[in-house]
Amino acid sequence: MAKAWIPFLEGRYSPTLDMWPIEAKEFNRIYKFYENLREGKFTTTKCKKCGRVAYPPRVICPECYSDELEWIELPNKGKVAVVVEKWGGVPICYEPPLIDAWIDLGKDSPVRHILSRMVNCPPETLKEGDEVQLVVFDVPAHPIELKKETITAERVFFAFEPVKK
Ligand SMILES: [Zn+2]
């Protein structure tokens, strides 16, 4: 998959045009989500006190405000419930159409539906009921300063793609 990036910025870092989360654990309390993605696992948080599962992952339970959360795995396959193709008003780093899907992870999943960007599917091909799967890809790294040293923090992000028939 082509990286979503701006050619004249190749090799440079522009914080104002950075479309991706800062994932390094020094700056992000849900960094475990990205670490799990690197292993191909799609995860979220579950409250140890009241059992509430929240997606996207949280640092505090939205139900009881406890910060005692654990990581649980979600299915990495699902079925398209609704698909939306955006041809206009697409953010600067993306080529239209931007395809999003409301994905049904199945009745046994702790989170029934999620919204995700779709990749590796030509426009106007995805339809309700199609099987889709998690795909993890590299996104541009960014520099972070740690103990007076600048290091490059590698990053990943996820989307879903059609399961090949
Ligand atoms: Zn809770």
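**Overall organisation and charged contacts of the chain**

The secondary structure of the chain amounts to one helix and eight strands, where helices (H or I, at least four residues) and strands (E, at least two) are DSSP runs numbered from the N terminus. Read from the N terminus on, these elements follow the order α-β-β-β-β-β-β-β-β. The structure is a predicted model, in which local features need pLDDT of at least 70 and side-chain atom pairs count only at pLDDT 80 or more, while totals for chains, interfaces and linings use all residues. Residues are numbered from 1 along each chain as its sequence is written, and side-chain values use heavy atoms, with hydrogens and water left out.

Taken along the principal axes, the C-alpha atoms of the chain fill a box of roughly 50 × 45 × 25 Å. Of the 165 residues in the chain, 39% are buried, a class that means under 20% relative accessible area, with exposed meaning over 50% and partly exposed lying in between (1.4 Å probe, protein chains only). Among contacts (heavy atoms within 4.5 Å) between residues at least 6 apart in sequence, 54% join residues at least 24 apart. The accessible surface comes to about 10,200 Å², of which 51% belongs to carbon and sulfur atoms; such areas come from the Shrake-Rupley method with a 1.4 Å probe, and for residues only the protein chains shown count as cover.

On this surface, Val82, Val84, Trp102 and Leu115 make a nonpolar patch of about 370 Å². Patches are made of residues with over 30% relative accessible area and no salt bridge, like charges being joined within 9 Å and nonpolar side chains (Val, Leu, Ile, Met, Phe, Trp, Tyr) within 5 Å. Trp102 belongs to strand β5, which covers residues 98-104, and is classed as partly exposed because its relative accessibility is 39%.

The chain has 24 positive and 25 negative side chains, and the centres of the two sets lie 3 Å apart. In this count Lys and Arg are positive and Asp and Glu negative, whereas His and the chain ends are not counted; the place of a charge is taken as NZ of Lys, CZ of Arg, CG of Asp or CD of Glu. Seven salt bridges are found, each defined as a side-chain nitrogen of Lys or Arg within 4 Å of a carboxyl oxygen of Asp or Glu.

One of these salt bridges joins Glu63 and Arg52, at 2.7 Å from N to O. This pair links distant parts of the chain, eleven residues apart, with Glu63 in the loop between β2 (53-54) and β3 (69-74) and Arg52 in the loop between β1 (42-47) and β2. Glu63 is partly exposed at a relative accessible area of 49%, and Arg52 is likewise partly exposed, at 35%. Another salt bridge is formed by Lys41 and Glu39, whose closest N and O atoms are 3.2 Å apart; Lys41 is partly exposed at 30% relative accessibility, whereas Glu39 is exposed at 55%. Lys127 pairs with Asp130 at 3.1 Å between the closest N and O atoms, and here Lys127 is partly exposed at 46% while Asp130 is buried at 10%.

Glu161, located in strand β8 (residues 149-162), is buried yet has no salt bridge, the nearest side chain of opposite charge being that of Lys164, 4.8 Å away. Not counting residues up to four places away in sequence, Glu161 touches Met118, Val119, Asn120, Glu131, Val132, Gln133 and Val135.
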